[in-house]
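Okay, thanks for coming, everyone. Let me put the model up and walk you through a few aromatic residues and a helix pair.

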Amino acid sequence: MGAHVSKQLERRKAISTEKKTLCDLKGTCGEAYPGSEYHPPDRKNWMANLNPEKLRINQIVWPGTHDSATNKIGIAMISRPFAQCQSMSIYKQLSTGARVLDIRVQEDRRVCHGILTTYSVDVVINDVKKFLSETQSEIIILEIRTEFGHEDPPDFDKFLEEQLGEYLIHQDGHVFGKTVAELLPKRVICVWKPRKSPQPKHGSPLWSSGYLKDNWIDTDLPSTKFDNNIKHLSEQQPVSSRKYFYRVENTVTPQADNPVLCVKPVTGRIHGYARLFITQCFAKGCADRLQILSTDFIDQDFVDACVGVTQARVEGKA
């Protein structure tokens with residue numbers, strides 16, 4: 001018992017130290033970077049506002065959400081706080097400016113996070129289609145994967161193609177160098193990541209897992225996650241020569257051996273440091289590698305932080 005208490009005290013001290021590290025870094029370096037003062041006049045249509053004729057896919061810093069469809073997961077006030085990573089619906093996230101969605105499904109096509117489940121993936125698809133019907137130039141990256149420990153939903157690739165066919169941008173490495181306008185009216189890059197079913201092939205309506213990469217660091221220590229995100233990002237190729245999307249998750253996650261298991265207070269340790277992360281990317285010379293930045297509990301400032309860099313790239317300032 002004494003050893004367990006001692007370990008928890010050490011963890012609390014480490015968390016406190018790492019939170020202070022980020023706070024001190026922010027105080028020393030500030031949060032100014034090319035585009036940091038830009039605020040899109042209409043977040044629902046921010047790509048349209050940046051001129052689709054000029055905006056290339058590989059210039060975009062895509063604001064994304066982590067475990068996107070967890071706003072109603074589990075049971076409210078009981079199991080939900082342990083698995084909820086977003087408070088907004090998919091439609092609301094997209095209207096706020098999110099453009100990358102992270103959806104996990106199980107065999108019956110219900111969205112899940114670990115052992116907890118929520119609504120059918122149909123709710124996600126309907127929200128996506130509603131948003132697309134209300135906008136004209138917004139491109140979405142829709143990642144759908146079979147959750148760890150679950151089986152692939154039967155014929156799920158056919159289901160996605162039937163539901164989103166008219167909007168799907170087919171798998172093709174040339175997409176990265178194209179402008180948004182060149183891809184329209186197609187609007188969705190759908191990355192399907194099954195566990196056992198065959199991966200989508202080149203030219204198919206869906207994209208295979210190799211086109212959306214990341215380095216997931218499973219920790220609740222904010223400075224550790226922050227530094228590792230910088231390290232792994234710096235090891236990538238610049239976006240101008242890359243034929244895949246690379247995601248950085250501005251999140252930390254609850255750990256089983258820690259008393260704090262609810263998502264929101266844990267991820268709050270790093271949530272407010274997205275702008276600091278972008279600032280450090282410029283300071284360390286890896287801002288040209290930044291592409292997808294995802295978060296728990298997305299908000300307008302997070303969207304603005306990403307869109308600002310995109311705007312600076314279009315204007316040739318970053």
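Let's start with Phe277, which counts as buried because its relative accessibility is 1%, where buried means under 20% relative accessible area, exposed over 50% and partly exposed in between, with a 1.4 Å probe and protein chains only. Quick housekeeping: this is a predicted model, where local features need pLDDT of at least 70, side-chain atom pairs count only at pLDDT 80 or more, and totals for chains, interfaces and linings use all residues. Residues are numbered from 1 along each chain as its sequence is written, and side-chain values use heavy atoms, leaving out hydrogens and water.

Back to aromatics: rings of Phe, Tyr and Trp (its six-membered ring) pair if their centres lie within 6.5 Å, and planes under 30 degrees apart are stacked, over 60 edge-to-face and the rest tilted. That rule gives nine aromatic pairs. In one of them, Phe176 and Phe245 have ring centres 4.8 Å apart and planes at 50°, so that pair is tilted. Phe176 is buried at 1% relative accessibility, and Phe245 is buried at 0%. Then Phe226 and Phe277 pair edge-to-face, 5.5 Å centre to centre with 85° between the planes. Phe226 also counts as buried, at 2%.

Which residues form one aromatic cluster? Trp62, Phe176, Trp207, Tyr211 and Phe245 do.

Val121, Asp122, Ile125, Val128 and Lys129 in H4 meet Phe156, Phe159, Leu160, Gln163 and Leu164 in H5. Helices here are DSSP runs (H or I, at least four residues), numbered from the N terminus.

Notes: Contact means heavy atoms within 4.5 Å. Helices (H or I, at least four residues) and strands (E, at least two) are DSSP runs, numbered from the N terminus.
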